[in-house]
Amino acid sequence: MSEVIALTSEPSKYDRLIAAAQAETPAVTIVAHPCDETSLRGALEAAEMGLIKPILVGPEAKIRYVAAEHRLEIGGIEIVDVPHSHAAAAKAVALIREGKGELLMKGSLHTDELMHAVAASATGLRTDRRISHVFVMDVPGHADTLFITDAAINIFPDLEAKRDIVQNAIDLWVTIGLGEPRVAIVSAVETVTTKIPSTIEAAALCKMAERGQITGGLIDGPLAFDNAIDPEAARIKGIRSPVAGHAQIIVVPDLEAGNMLAKNLTFLSHADAAGIVLGARVPIVLTSRADSVRTRLASCAVAALFAARRRAIQVAAV
């Protein structure tokens with residue numbers, strides 16, 4: 001696992017998150033259907049780094065075959081045997097409901113299959129908060145960690161859903177210890193116009209923040225991406241706010257815009273994009289087969305750190 005070792009010699013935003021998570025007790029993590037090399041290796045490497053304590057849920061014979069084929073050591077790790085990926089998703093969610101784990105991690109099953117089990121009304125992990133996804137991005141040359149939301153779960157969220165999307169992202173930022181975030185509600189332009197409905201929703205979200213319906217962050221919008229992220233672009237447009245030019249959380253109009261933005265940063269700017277789902281009973285680690293080792297570890301670290309800090313807050317409140 002030379003790549004895991006190498007990341008300690010190249011400090012980055014992700015390394016700081018990983019180090020912070022390593023200082024906490026490893027989170028018991030239910031890994032749904034880790035039946036290919038990438039997903040199984042990712043869980044094992046996160047365990048080796050002290051981020052999680054995995055419980056593997058899937059066809060035991062297949063998991064052991066993959067481990068043997070790729071020389072992965074799974075001795076001492078609990079395996080819950082189920083026949084297929086659909087059963088793995090259902091059982092993983094059931095184990096969380098039974099209090100057997102603090103995190104849920106996607107293996108080699110489809111995201112839709114796992115999220116269907118998570119979102120089931122009677123047997124899933126829903127709360128009163130809308131479930132949403134956050135990309136935690138490490139963009140080369142950019143000073144801050146950058147959150148992009150929602151680019152993976154809610155396709156065309158309405159205003160109420162966007163309120164939860166914003167609050168989920170703020171809660172993550174604050175809980176993992178990054179301070180008070182600057183949140184930009186982005187659209188194509190920075191002026192409010194009926195021709196672009198997302199500008200009206202952006203303005204409404206800012207008013208909701210003023211009225212205490214969204215808390216914990218500084219919010220501005222609508223902002224175009226350039227004047228959200230670049231101080232000079234904001235200055236040229238005459239936009240004066242604590243957020244403009246210095247945004248740390250980017251709230252996109254819809255999944256299409258967010259997904260394209262995140263992938264542009266990943267493939268054109270060579271950014272790393274860790275992913276976590278919020279709003280369920282526990283954080284959910286969503287990884288892709290294309291993710292690097294660093295990205296997989298960062299996803300686990302953010303989720304584990306969020307779970308640990310939330311646990312500490314709950315204990316302190318008792």
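Helices (H or I, at least four residues) and strands (E, at least two) are DSSP runs, numbered from the N terminus. The close-ups below come from a predicted model, in which local features need pLDDT of at least 70, side-chain atom pairs count only at pLDDT 80 or more, and totals for chains, interfaces and linings use all residues. Residues are numbered from 1 along each chain as its sequence is written, and side-chain values use heavy atoms, with hydrogens and water left out.

**View 1. Ser-299, a buried residue of helix α12.**
Let us start with a single residue. Ser-299 sits in helix α12. With a relative accessible area of 1%, Ser-299 is buried (buried means under 20% relative accessible area, exposed over 50%, and partly exposed in between, using a 1.4 Å probe and protein chains only). Which residues does Ser-299 touch, not counting residues up to four places away in sequence? They are Ala-274, Gly-275, Val-285 and Thr-287, where contact means heavy atoms within 4.5 Å.

**View 2. The buried residues of helix α2.**
Helix α2 covers residues 13-22, and its buried residues are Lys-13, Tyr-14, Asp-15, Leu-17, Ile-18 and Ala-21. What do these buried residues pack against? Their partners are β5 (132-138), β10 (272-278) and α12 (293-317).

**View 3. A salt bridge between Asp-138 and Lys-13.**
Side chains of opposite charge can pair when their charged atoms come close. The term salt bridge is used here for a side-chain nitrogen of Lys or Arg within 4 Å of a carboxyl oxygen of Asp or Glu. The structure holds 14 salt bridges. One of them joins the side chains of Asp-138 and Lys-13, at 2.9 Å from N to O. Because Asp-138 belongs to strand β5 and Lys-13 to helix α2, this pair ties together parts that are 125 residues apart in sequence. Are Asp-138 and Lys-13 buried or exposed? Both Asp-138 and Lys-13 are buried.

Arg-235 forms a salt bridge with Glu-232, with 2.6 Å between the closest N and O atoms. Arg-235 counts as exposed, because its relative accessibility is 55%, while Glu-232, at 40%, counts as partly exposed.

**View 4. Helices α7 and α8 packed together.**
Two packed helices are described by the angle between their axes and the distance between the axes. Helix α7 (residues 159-175) and helix α8 (residues 197-210) pack at about 55 degrees, with axes 10 Å apart. (Axes are lines fitted to C-alpha atoms, for helices over the stretch in contact, and angles run from 0 to 180 degrees between N-to-C directions.) The two helices, α7 and α8, are therefore oblique to each other; angles under 35 degrees count as roughly parallel, over 145 as roughly antiparallel, 65 to 115 as roughly perpendicular and the rest as oblique. From α7, the contact uses Leu-159, Glu-160, Lys-162, Arg-163 and Val-166, and from α8 it uses Ser-198, Glu-201, Ala-204, Leu-205 and Met-208.

**View 5. Two cis peptide bonds and two positive phi values.**
Most residues other than glycine have a negative phi, and most peptide bonds are trans. The bond from Thr-149 to Asp-150 is cis, with omega near -10 degrees, and Asp-150 lies in the loop between β6 (146-149) and α7. Another cis peptide bond joins Gly-221 and Pro-222, with omega about 5 degrees; Pro-222 is in strand β8 (residues 218-224).

Now turn to the histidines. His-33, in the loop between β1 (27-32) and α3, has a positive phi near 60 degrees. His-270, in the loop between α11 (255-268) and β10, has a positive phi of about 60 degrees. Are they buried or exposed? His-33 counts as buried, at 8% relative accessibility, whereas His-270 is exposed, with a relative accessible area of 62%.
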